[in-house]
Amino acid sequence: MDLNPQQQQAVEHGKGPLLVVAGAGSGKTRVIVHRVAHLIGKQNVHPSNILAVTFTNKAAGEMKARLEAMLGLAARDLWIATFHSTCLRILRRHFEHVGYGPNFRVYDEADQLSLIKECLGVLNIGDRLMRPKSALDHIARAKDRCVGPEEFGADNFYLQKVSEVYALYQKRLNEVGAMDFGDLIRLTVKLFESHPDVLNYYCNRFRHVLVDEYQDTNHAQYRLIELLVGLHRNICVVGDEDQSIYRWRGADITNILRFEKDFPGARVIRLEQNYRSTKTIIKAAGGVIANNAGRKPKTLWTQNPQGEPVDVVSCTTEREEAQIVADAIQRLKHEKKSYSEMAVFYRTNAQSRPFEEVFLKEGIPYRIFGWIRFYERMEIKDAIAYLRLIANPKDDISLSRIINVPSRGIGRETLLRLREFAAARSLSMFEVLKDFTVTTIVRAVTAKKLSAFHDMIETLRQGALKRPVTDILHDVLEKSGYVEALASQKTTEAQDRLENINELVAAVDEFEPQTDEPPLNQFLDQVALVSDVDAYDADAEAVTLMTVHLAKGLEFSFVFMVGMEEGLFPHARSLDDPDELEEERRLCYVGMTRAKEHLTMSYAFRRQTFGTPRYGVVSRFIDEIPDELKKVHERLEARSEKLEARSHKSNYLASSVSLLASDDSHFTNNESRLPAKVVMAGVTGHDSDFDQRPPEERIGQFAVGIRVHHPAFGRGFVKHCEPSSAGHKVTVQFESGFIKRLIAERAGLVPL
DNA sequence: CGGCTAGTCATTTTT
DNA sequence: TGACTAGCCG
C-alpha cells in the first residue's frame, strides 16, 4: 500500500513543528515509521539524533520492529521508548542532580499506596478523614502538573492535609531511594530546568523529536517535550483529540488543541481517510463523537465497503447478555472466522465475570486483559520485593512486605516498632535489624529472628550486582523458604501461585541485559514499567476480553461492546460533569472504531451489582448512532421483563423511569429518556447509581444522592438521610474528601 | 503472634 | 458480591 498524499506530506515534512491530526485507523503508526525512515534516508539525519516517544511499550516495540525491518542495523541507534522509560534512562545517568543515589527504584501504585499509608499513620491522619487512594490521586495529579510538595497550593483544610502528606511522602520516597511514575517525568523536567548543560546535551542529541498519542500527554510531559525541542523546534506530534481518554490520569487535551499556539508556524496535516472499518462503522462512530462540543470538526471517511448495520441488542440480564455474545461468537466461528478476530469490550473490569463464566461453559477460548496484572499478583510482588531489597537495602516498603513472608514470627507490632526505631535514628529498617539496641524495643527471641532475616538478605546480596538475575531469583526462592512454604500448602491457590512463580522464573531466564549496568537493576527497571497489554499477541486463537481503555491502538474484525447502559457507559461518575461525559463519549468512539467488519452493542435491563439488582436504561451513545446505521434487536424476553417489572410496582426509581419512558422505541427516542438522565444526574459519584429505596425514604430536598453545598466544606453529596425533630440528619460526602454528619438545615446546607 | 470474625466498602479507566 | 480491615481471642 502506498502512502496517500496527506501521509506523504507528513512523512516528507522537513524541519520545524508539525502536527499530524490522525483520525482512528488512518495509518498513524505508518506515518511515524515512514517519517523516521525518511529523515534517515533522505534528509541525512543520523539515527541517534532521533527520539520517538510513545505511551506504551507495545507501541514502542512495534515501531522499533518495523524500523528494524526497513533500516536494518541503522535502527539500532534510534531512541524509541515510552515517556517513562525515556525519563528513567535519563535519570539513571544524572541521578545525583536530582538528589538520588544510583540504585533508586521505581515504585508502582501498590508501593505508593503502602508508603502513603505509612505517611498517614505518622501524621496521625485517620482513614475516614483521608483515604490513601485519595491522597495518592491528589499527589499524582500534582506531579502531572510538575507541582512539587513545596509548590502545592492548599486553599482548604483538606488540601492542607494532603500537602502535609505530600511533603512527607516525597521525603520518604527519597529516603527509601524510590521514585514514583510521576517523579520520572517531573524530575526530568526539573533536571533540565536546573542544569542547562544537561538539557543542552539532550537537545543536541535529539535533533528530531516525535511524539505519538499527543492528546494523552499531561502538562509535565508537555514541558519535557518543550524543553527538549526548545532550540531546534523539530517536533512532530501525532494525535487525535477524539481519542483522548486519559484525563483522569492527568492527560491534558488542550496540549494538542493548543499546539499551533505553542509552536507558532506549525504545519498541520490531517489524516482523515480510514483504512480499517466499514463505512457504516465509521459513520456510526462519527455520529456519536459529533455530539462533543469543543472539538475541531473532523470527518473520517473510507473507501471500504458499506458493511452491515451496527447490531443493537437488548438483554434481560448481564448473564443473558454474555450468552447472546457467546452465541454470536460461535456463529462466527462456524463461518470459519478466527477467535483472534473477535473482542468483547466493557467499561469496567468487573463486567468481565459473566463473560468468563459463559465462555468457560461454552468452551470458547478467551484471554482477558487488565484486572490483576501479572506483576501485581501477590506472589510475583513478593518475589520482586526480595529482589528490590537486595538491590536497594534502603527500600523499607519492600522490606515491610516480605520480612514476614513466609511467616517468620515477625508480627505487625514488631514491624511498627522497627519502623519507629529506624525513623528516630534516620536509618533504614534494614540497617537497624542487626543493631543490638533493638533488644530495647523487642524481646530477645524476636531480635534473633530479625537478625536471621538480616543475615539471609545479606547473604543474598553478596555479589548480587554482578550476577545474572536468574541466579539471584533462584537463590531468593530457595533461601527465603518462599517456595517451600507454598509447596507445603496443598491448596489449589498455592498451586496457582507456584505456577505463577514458575512463569516469573521463565521470564527472568529470558531476560537479557542491554547495557553494562548491573543486570538486577536493569531487570527491576523493566519490570517497573511493563503492562499486560504489552504482551498482547494478535494471533493467539482466543477471544479478547478487555476494557475499552485497553483497546486503544488495537483492531478486531468483530467487536462486541457490552453494558451500554446509562450509569455504566457513560459511567455514573461522569454524568454530572460535561467534560467527563465528553471523555466517556470519546471512549465510546475509541471502542467503536476498533471494529473492522462488524460492531455489536448490547445492554441489559437488569444487572447485579454488589449482589443487588440495578435496572438500567440504554446508553445515550446508542441513541446518538443514526437510526439508518443500526439494527435493533429487542428480545421478547427482555420486553416481558419490562412488563413484569411494571406489574411489580417496583421500588426502583430508575426502572420506573425507564418503564415510563420506554416502549418499543425507547432507545431511539431521546426525549423520552430525558427524565432518567435528570434523575441520575443527581445521584452520581457514590456507592449506588440509583437510589434503590422507596420514595417515602427519599426525603425531600436532602434525599440520598442529592448534591449539596456547604459554606465551609464546599460541594458534596448526601450519603444518608433521616428526618429528626431538629431537621434532616444527613451524612455528606464532600468532594474535599470529608465525610460529615450534620443537621442539614442548621449547617446551612443548600441543595444544588 | 497469628488466625478468625464481623463489619465496611467499593468499581472506572493505568503508564 | 467479595475484598479488605480492624478488632478480638487462643
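**Exercise 1.** Work out which way the side chains of strand β6 (residues 208-211) point, and whether they are buried or exposed.

*Solution.* Start with the general rule: in a regular strand, side chains alternate between the two faces of the sheet. Now look at β6: H208 and L210 point one way, V209 and V211 the other way, and all are buried. Buried means under 20% relative accessible area, exposed over 50%, partly exposed in between (1.4 Å probe, protein chains only). Strands (E, at least two residues) and helices (H or I, at least four) are DSSP runs, numbered from the N terminus.

A word on the model: it is predicted, so local features need pLDDT of at least 70 and side-chain atom pairs pLDDT 80 or more, while totals for chains, interfaces and linings use all residues. Residues are numbered from 1 along each chain as its sequence is written, chains are lettered from A and ligands numbered from 1 in the order written, and side-chain values use heavy atoms, without hydrogens and water.

**Exercise 2.** Find the strands that pair with β6.

*Solution.* Pairing requires at least two DSSP bridges between two strands. First, β2 (residues 50-54) pairs with β6 in the parallel sense over 4 bridges, with L51 opposite V209. Next, β7 (residues 235-239) runs parallel to β6, joined by 3 bridges; here L210 has C236 as its bridge partner. Finally, follow the chain from β6 through helix α10 (residues 219-228) to β7: this β-α-β crossover is right-handed (clockwise from the first strand over the helix to the second, with the strands pointing away from the viewer).

**Exercise 3.** List the contacts of F192 (heavy atoms within 4.5 Å).

*Solution.* Leaving out residues up to four places away in sequence, F192 touches I90, V198, L199, Y202, L224, L227 and L228.
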